[in-house]
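Subject: Structure handover

Dear colleague,

I am passing on the structure below, followed by some notes on what was found in it. Please read the notes with the structure open beside them.

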Amino acid sequence: MSILEAKNLKKIYGKGESTVNALRGVNLSVEKGEFVAIVGTSGSGKSTLLHMLGGLDRPTEGEVFVDGKNIFELKDEALTIFRRRKIGFVFQAFNLVPVLNVYENIVLPIELDGEKVDKEFIDTIVDTLGISHKKEALPNQLSGGQQQRVAIARALASRPAIILADEPTGNLDTKTGQDVLSLLKVSAQKFSQTIVMITHNEEIAQLADRIIRIEDGNIVSEKEGR
Amino acid sequence: MKVNNKKPVCRLALRSLLANKRRNLIAIIAITLTAILFTTLFTILLSVKSSYETSRFRELGGCEHGTFKDVTDEDIARLSTDRRIKEWGARTIIGVDSSPIYKKRSAEISYMDENTTKWSYIKLEEGHLPTAKNEVIMDSEALKLLGIEPKLGTEVKLSFNILGEPDDSAIYTDTFVLAGYWEFDPVCPAHFVNVSKEYVDDFMKIAGEKGYGPFRTDMNIMLGSSADIDGTMAEIAIDAGYELMDKTADNYIRYGVNPGYLTVDNSVDITSMGTIVSILAFSLLVGFTGYLIIYNVFQLSVSGDIRFYGLIKTIGVTPGQLKRIIRIQALFLCLIGIPVGLLAGYGLGAGLTGMVLKTSTIPLKSLTISASPIIFVAAAAFEIVTVLLSTSKPGRLAAKVSPVEALRYTEGADISKKKKTTKGARVTEMAFANMGRNKKKTILVFVSLALALVVLNSVNLFVGGFDTEKWLESKTVKDFVVGSNGYFKFKGARSLYDESFMNDIAYIRENVNAVDEGKGYEADCYTRMVVDEDTYNGFAEKYPEYIDSLSRGENGEYLENAVVEGLDDVLIDKLVCYEGDVNLLKDPNGRYVAFMANKDEARNIYTDPDAPKVGEKVRIAYADGIEVIDTKTGGAYVDGVTDANDIETVYTEIKECEYTVAAYVGVPYAISPRYGSLCCNVVISAKTLEGDVGEKMIPMFYSFDTPDNASEDAAEAFIKAFCEDSSSYQYESKAVSRQEFNDFKGMFLILGGVLCGIIGIVGVLNFFNAVMAGIIARKNELAVLQAIGMTGGQVKSMLVTEGLIYTVGAGVIAFALSLAFTPVLNGLMSNMFWFYSGHFSVTPVAIMIPVFAIIGFAVPFVAYKGLSKTPVVERIREIG
């Protein structure tokens, strides 16, 4: 059974003459526990696709099903709540809340949901990612690699079914990037989560189970990873 | 599903709030300023109201809520246990001294306990309340009349009539020791002469044995609030087992409500329509000003923080939670701003109340700063509403933000219009282009800057248009008007009349250089107009609320109240004739009267269709006697027996005089009787009046002019001293009126100045905020511009150009608006205020433009200096 499914997704930016067809009818299906990499050049529409999959932006046409639920049927408020329970995001720019410390950043989505924080589980994640000694630090006191690991911890914290990662290694050097990604993959397996990752780095993409290539808003090829 | 997520939302709200110090400071200043305005407004309003009440209470002799009358010690013990009575005080009167020295107001010999003393506005200058048996305290004027120096320990010999025994046989004399005295309050109805409780108890015992008495003890009470005193007192009495209706019952008790709490005077009634409208209008202006800045601060900070909002949205903050974050931040800022504003506003309001009072009829001595919690509750509520309104739109904007776009957001990113230009990017062009990025923001800054200037100009125009000479011309007919207290208190000359007035006028004449003198007179008897039965009944039907002014004569005549003012010929010349011939009044053998009409009724001078026309005859009745009868029995009215509905007043010893209506005239206020009846206010020649009533004619006022400035100043000094010396007289003069008018102008100038100042601060704050926010939001962009070759100087001059466009532009807009609206405003004001002279001035705006230019230059200059301390490379790297 597929955990994530996109049907005929289209997205047009702008109006009138100067429109951009970012997505031209994408169909995609991801199985539970799978690690999928989406690759493409800049402007190919890969980020747009990821935003649609995560419900961050609404498509011009088409549907996205997460765990069998058509997410664009939901209103903004409900969509946000659905998203923070089902989907974890990791961004290129880390997107940590600068005024909160590492621990607070990690548990924020759980607390926003009014849930009780499972401290043991968080400790396990933090340990796995090797940032347990930085729990009290503020984001600007961390290196890029550390910040991205915090972002990954945050994405994992609410045990989402799916993790969507937008160029998670883009702001990191090659070595750190590979370390971080291995960590992401290991943790996802450990907590049995599905990963959809965007990258323009072929080498990084090779770590995935499946590589999907996108160009001009269309999926042009699919192949198995290593 | 309700989830408990208060904690993280609050944490996010407060942490990000603390990270934004500049915005907080500006927002807190804005909230504080608005709160100051609201609090000042409410403080002045309620203080004027309480000052008015104080002046009423001083006239009535006390500020207690009500009084249970003629009570025994047991009654007091029983009533005082009631929880609704917050405080109580007792007073026992044993005698009254009405000897000739106390002819203006009698002296009441009584015992007052501490509370009653306090409520009677007795504040001892020196000494203590009487405790030893022979101790006494009294006011300075009473002492002066007795010829006793106000020195503690002095012997005071008092002779007084035992209460209820007016005969000379019941005069009691005793010697006391002065234990204290207080400054006399000229509006107090009686001289209070207070002795000790021990003395009163002994006195009542001895006098009782001689068959005098019973003496009367009243219990004054204060309730929790002044709402429904009547009802509460009745309930207290009934709950304590008293009877209120049946006067013959053993447990019957009488009570009275202090009339000071009942009377509603339109001049200070804050529930009257006009007052409510002006309060609302002012509140709206204040609210709008506050809205403008608070909205602006939050709007700008939302666009500055939009990346942050997008970010936390991607993590899972819902739109509703986002709005809550902004609301929590706003309320948190209120927590700091409002208390400061309330305190400062209360102080400012307290200070300004005195100035407002100066221009009213309330004496400054009654200044009472209200400490009502309503001031603070209302001001805080208005402020919170303003803040919530101002933040709701920025909140919605933040909530609407698409997280994806927010992450990419730059201000004004969707520029749809692309101009073709071959000039390249020049600094000034870039500055203009930058202002076009966020049109709303630019307009907001323009509006708030220009508003301050326009209001400033309007206030200047408004106050400058108050024409002192126009005011004086109309308000003062003569240089000086000296009259009795009753005359100036709108009660006519008969009340509070001092018999030595004629002698005192002679005394004044000896001491001033008076020319063109003239006096106004009144007859010291009841003046009524005789009407026929139809008019009488028609009148009763038309004006049921004035039924009291209708009465009957002893021979069955139908009478209605009339005011008859006798004027010397020199003053008759000052009347404005609307119809007929006013000069007929001066005919020594003529029998004429002129009816008074209001100026604005010039076109329709007959106030009532039944009023006599010019040429018709009217009959005025001068009655000496009055009888109050019971219409059921036909006999005299009996207190406590006659039903209120059966009481009727009948006038006796009537002398009727017939006159012809010569004219309808306007009487200048300065020489008018200052009180009136509904339909019959007439002017008559003093000679005619004297012929008809003889010695009963008494002067209301004495007026005169002075030939030159020197004698005017001398007369002013003399009359001022004379009136201060004698508590019977007051005066009006051109100098005093000028001073009053200038005070009035000054009040507007200061109130307007405060308003301008605050709007000005708000405008500059807005500007400062806009410049700072613009620079900070474009930090990366500016760094990039520098990296690609724009020099620091060029960046600076671009920013300064932007600043100058804002401020100088706003100045020019304000200048244009002021030019355009001056004629409109002049027209409006001339219609509203007859003493307004239209004039033209845009000087304040012209003066302020260079000031604004300096601000427009300095703010971006300084802001950039701060920014340029951080190296370019670092700025480029910084994100959001």
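Chain A has seven helices and ten strands, where helices (H or I, at least four residues) and strands (E, at least two) are DSSP runs numbered from the N terminus. This is a predicted model, in which local features need pLDDT of at least 70 and side-chain atom pairs count only at pLDDT 80 or more, while totals for chains, interfaces and linings use all residues. Residues are numbered from 1 along each chain as its sequence is written, and chains are lettered from A and ligands numbered from 1 in the order in which they are written.

Of the 226 residues of chain A, 48% count as buried, a residue being buried if 20 or more other C-beta atoms lie within 10 Å of its own, exposed if 12 or fewer, and partly exposed in between, with C-beta atoms placed from the backbone. Among the contacts in chain A with a separation of 6 or more, 70% join residues 24 or more positions apart, and a contact requires C-beta atoms, placed from the backbone, within 7 Å.

Glu115(A) lies in the loop between H3 and helix H4 (119–129) of chain A. Because 15 other C-beta atoms are within 10 Å, Glu115(A) is partly exposed. The C-alpha atoms of Glu115(A) and Ser158(A) are 9.4 Å apart, although 43 residues separate them along the chain.

Best regards

Note on methods. Contact = placed C-beta atoms within 7 Å.
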